[in-house]
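Please look over the two chains shown here. Where do they touch, and where is space left between the atoms?

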Amino acid sequence: MGASNSKHEKDIAYIKEKNQVESIIRLVDVCFDQCVNSFSRRDLNKREKLCTTQCVKKFLEFTQRIEERIEEQSISERQKMETRRNEEIKKHFANQN
Amino acid sequence: MNSITQQTTDKQEQKKLVKFFNLQFRKMMEQCHKKCITTKNKGKLGIAEKACTDRCVIKYIQTTAYVNELLNSFSQEVDQTLQTQQSQQK
C-alpha cells in the first residue's frame with residue numbers, strides 16, 4: 001500500500017514537472033515568434049530583450065488567470081454535485097416514510 | 001543503496017534533458033525555417049538563408065537562456081514578497 005502510494009506520488013510529480021517544462025518551451029517559442037524577427041546580428045538587442053520581458057510577463061499573467069478560472073469552475077462543480085446528492089438523499093428518506 | 005539510486009536518478013535526469021532538448025530542437029527548427037527559408041525553387045540554401053539560419057539558432061538559444069533568467073528573477077521576487085509578508089505577520 002505504502003509503496004504504490006509513493007510510486008503514485010512520483011508519477012504525479014513527474015507529470016507536473018513535465019507540464020511545467022513543456023510550458024516553458026512553449027513560452028520561449030511564443031516570445032521568440034513575436035519578438036525576434038531580424039537576423040542581421042547574432043545577439044539579442046535591447047528591443048528584443050524588452051519585448052521578451054513583456055511577453056513573458058503577459059504569458060505568466062495569462063497562465064495564472066487560466067488557473068484561477070479552472071479553480072473556480074471546479075469549486076462550483078463540486079458544490080453542484082453536493083447539492084444534487086443532498087437532494088437525492090432527502091428524496092430517498094421522503095419515499096421511505 | 002546510494003550509488004544505485006544515484007545512477008537511476010542520473011539516468012532519469014539524462015532522459016529528461018534529452019526530451020527537453022528534442023522538443024526545443026523541433027520548435028527551433030520550425031521557427032528558423034519559417035523566418036529564414038524564403039525561397040522554394042532552388043535545391044540549395046542561399047547565402048542569406050545560411051547566415052539567417054546560423055543567427056537564428058544562436059538567437060533562439062539566447063532567448064531560451066534569457067527567458068529562464070526572467071523566470072528565476074520573477075520567482076525570486078515572489079519568494080521575497082512572501083518572506084516579507086511572513087515576517088510582517090510575526
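## Basis

This is a predicted model, in which local features need pLDDT of at least 70 and side-chain atom pairs count only at pLDDT 80 or more, while totals for chains, interfaces and linings use all residues. Residues are numbered from 1 along each chain as its sequence is written, chains are lettered from A and ligands numbered from 1 in the order in which they are written, and side-chain values use heavy atoms, with hydrogens and water left out.

## The interface

Chain B puts 25 residues in contact with 28 residues of chain A. Contact here means heavy atoms within 4.5 Å. The size of an interface is often given as the accessible area lost when the parts come together. Between chain B and chain A the buried area is about 2600 Å². That is the accessible area (1.4 Å probe) that two parts lose on being put together, summed over both. Carbon and sulfur atoms give 68% of it.

There are 16 residue pairs in polar contact between chain B and chain A, both residues at pLDDT 80 or more. A polar contact is a pair of N or O atoms within 3.5 Å; within protein, one must be able to donate a hydrogen and the other to accept it, and residues adjacent in sequence count only if both atoms are side-chain atoms. On the side of chain B that touches chain A, helix 1 (2-36) and helix 2 (47-89) of chain B each supply at least two residues. Helices are DSSP runs (H or I, at least four residues), numbered from the N terminus. Helix 2 of chain B gives the largest share of that side, 15 residues. By class, the side has 12 nonpolar, 6 polar and 7 charged residues. Ala, Val, Leu, Ile, Met, Phe, Trp, Tyr, Cys and Pro count as nonpolar, Asp, Glu, Lys and Arg as charged, and the others, Gly among them, as polar.

## Salt bridges

The whole structure has 9 salt bridges over all chains. Between chain B and chain A the count is 4. The criterion is a side-chain nitrogen of Lys or Arg within 4 Å of a carboxyl oxygen of Asp or Glu.

A:Asp33 and B:Lys35 form a salt bridge at 3.9 Å, N to O. B:Lys16 and A:Glu17 form a salt bridge at 3.0 Å, N to O. B:Lys16 lies in helix 1 of chain B and A:Glu17 in helix 1 of chain A, so this pair joins two chains.

## The cavity

Rolling a probe the size of a water molecule over the atoms shows where empty space is left. On a 1 Å grid over the protein atoms alone, a cavity is a set of points where a 1.4 Å probe fits but cannot get out; a pocket is an open set with protein on both sides within 12 Å along at least five of seven lines; lining residues have an atom within 4 Å of a point. Grid points are joined across faces, edges and corners, and a volume is the space filled by probe spheres set on the points.

The structure holds 1 cavity of 30 Å³ or more. The largest cavity has about 40 Å³ of space. Its lining is A:Ile24, A:Ile25, A:Val28, B:Phe20, B:Gln24, B:Tyr60 and B:Thr64. Helix 1 of chain A gives the largest share of this lining, 3 residues. The lining has 5 nonpolar, 2 polar and no charged residues.

## The pockets

The largest pocket has a volume of about 920 Å³. Of its 23 lining residues, A:Leu60, A:Thr63, A:Gln64, A:Glu67 and B:Leu71 lie nearest its centre. Helix 2 of chain A supplies the largest share of the lining, 10 residues. By class, the lining has 10 nonpolar, 8 polar and 5 charged residues.

The second largest pocket holds about 380 Å³ of space. Its lining residues include A:Glu17 and B:Lys16, the salt-bridged pair described above. Helix 1 of chain B gives the largest share of this lining, 7 residues. The classes are 2 nonpolar, 4 polar and 6 charged.

## A loop residue

A:Arg42 sits in the loop between helix 1 and helix 2 of chain A. Not counting residues up to four places away in sequence, A:Arg42 touches B:Arg55, B:Ile58, B:Lys59 and B:Gln62. A:Arg42 and A:Arg84 are 42 residues apart in sequence and 62 Å apart in space, C-alpha to C-alpha.
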